[in-house]
Amino acid sequence: MGRDHLRFGAWFLALITCLFVAGNHSAYAWEHDGKPHVTAGGWYTTFNGAAPDASAKVSFSVTGRCQDDTAVCSSTSKKALGNYEYFNHFTGLKAHGKVTSLSFGTTSPECSAAAGPEFDNNGNAGTLDGRPSAVIQGQGDDGSTFKMEVVDADDTQPKFPDTVCLVNVTGRTKMLIPQADQDGAQPLVHGNIEVKGAPNTPNQ
Amino acid sequence: MKYTAIFLTIILAVAGSAFAQTTPPDTSVTAAAQGSYPAGTAFDGILLSGFTIGNGVIIHGDGSGAEGHAGLSLIGPALPTGGQQVINVDVLINGGSSSAANVATVTGTATVDLGNGTAPLTGVPVVLTIAANPSDGSGTVGIVLGATTLPTASINDGTMAVAPMQ
């Protein structure tokens, strides 16, 4: 091996090292890019827990990912990370706590059935089947419990509204009155659901 | 050859120190709440009495930005036809930091629907500053919408959290 070979070898190693460091460096890419995670926030209208023949505005918020970037995790296995907030502006029910369980996949059959047929702005019909979804469960220090499936339905054609499904929330009002909300499926009125890195298998 | 060896040694030392550093945890910023504004608060000439907020944001612990969304409703005056004028603000979050415990500032661009039949405003820069009390989920929300800085307001119902994801 000649001297030139050694020189080129050394420079090659230096270049590879630089690329390796840069590829892992914070300024270039979030280390969880492309891995399963969810962010959601906004509001929708519920027809449960409101006055008869009336609707109620619900604000909600979710963040979540599994500590080891897997698609399924809980508080006891592959720790789930994130928080949830839920507030029914009509009844005053609020729930606030940490995410304890996450499952990333595509829309569960129960959610798709609850949502029924969907239509985009051009009248194209379809269902929520196959859209990225996350099933989130949580528990709060305030005694609240939270379960919701969120579906990211507006990122592929035909674009349907982002939707929350299979909502089951318990908590208390500002006056500490116990309340509970359940919802089959509701499209967001404003806000957004982003489910990224979910595997292409239906949630259960 | 000697210089190459020295250079290579320095590169490896830098790489080693980079890996030795611990990346701070990501920060979760969540809110589902409502609050009131003092009399005289206005946006684009529209008097505001309060707001609602629903946002879910992850601030990347490695400093590479943030992602998420905020849905704001700014409550305006009563309409002659009944109800109230509501300004809906949909914010796509792409930046943020948490400079102190339980406090986060997130930035993004918004679509603003003034709720008066005019075409929505797009690409409006937004800065949200959320300070949350971890004991009960109360706190304050500061909103800068375009060139308008709305007064920092305490939430009067609902909850918020700014917490490390770890």
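These legends go with several close-up views of a predicted model. Residues count from 1 along each chain as its sequence is written, while chains are lettered from A and ligands numbered from 1 in the order in which they are written. As this is a predicted model, local features need pLDDT of at least 70 and side-chain atom pairs count only at pLDDT 80 or more, whereas totals for chains, interfaces and linings use all residues.

**View 1. The two chains in outline.** Starting with chain A, we have 2 helices and 12 strands (DSSP runs numbered from the N terminus, H or I of at least four residues for helices, E of at least two for strands). From the N terminus on, chain A reads α-β-β-β-β-β-β-α-β-β-β-β-β-β. Chain B comes to 1 helix and 11 strands, in the sequence order α-β-β-β-β-β-β-β-β-β-β-β. Of the 204 residues in chain A, 43% are buried, and for the 166 residues in chain B the figure is 38%. Here "buried" means 20 or more other C-beta atoms within 10 Å of the residue's own, with 12 or fewer called exposed, anything in between partly exposed, and C-beta atoms placed from the backbone. On confidence, the complex gets an ipTM of 0.87 and a pTM of 0.87 from the predictor. Chain B averages a pLDDT of 90, with 87% of its residues scoring at least 70 (pLDDT is the predictor's confidence in each residue, from 0 to 100).

**View 2. Zooming in on A:Gly42.** This glycine sits in strand E1 of chain A, residues 37–46. Is A:Gly42 buried or exposed? A:Gly42 is buried, because 28 other C-beta atoms lie within 10 Å. In its own chain, A:Gly42 touches A:Leu188, A:His190, A:Gly191 and A:Asn192, and from chain B come B:Gly54, B:His69 and B:Gly71, leaving out residues up to four places away in sequence. A contact here means two C-beta atoms, placed from the backbone, within 7 Å. Then there's A:Val62, 20 residues apart from A:Gly42 in sequence and 9.7 Å apart in space, C-alpha to C-alpha.

View 3. E1(A) pairs with strand E12 (residues 178–196) in the antiparallel sense over 8 bridges (strands pair if DSSP finds at least two bridges between them). Which residue of E12(A) is the bridge partner of A:Gly42? That would be A:Gly191, also among the residues A:Gly42 touches. E12(A) also pairs with strand E11 (residues 163–172), again antiparallel, over 9 bridges. Look for A:Asn168 standing opposite A:Gln182 in E12(A). E11(A) and E12(A) make a hairpin with 5 residues between them, and in the turn A:Leu176 has a positive phi of about 65°.

**View 4. Strand E2 of chain A and its neighbours.** E2(A) covers residues 56–66 and is mostly covered itself, with 9 of its 11 residues buried. E1(A) and E2(A) pair antiparallel over 10 bridges, with A:His37 and A:Arg65 as bridge partners. Strand E5 (residues 83–88) pairs with E2(A) in the antiparallel sense too, over 5 bridges, and there A:Ser59 is partnered by A:Phe87. Strand E4 (residues 80–81) runs antiparallel to E2(A), joined by 2 bridges; the bridge partner of A:Cys66 in E4(A) is A:Ala80.

**View 5. Contacts along the chains.** In chain A, 64% of the contacts between residues at least 6 apart in sequence join residues at least 24 apart. For chain B, residues 24 or more positions apart account for 51% of the contacts with a separation of 6 or more.
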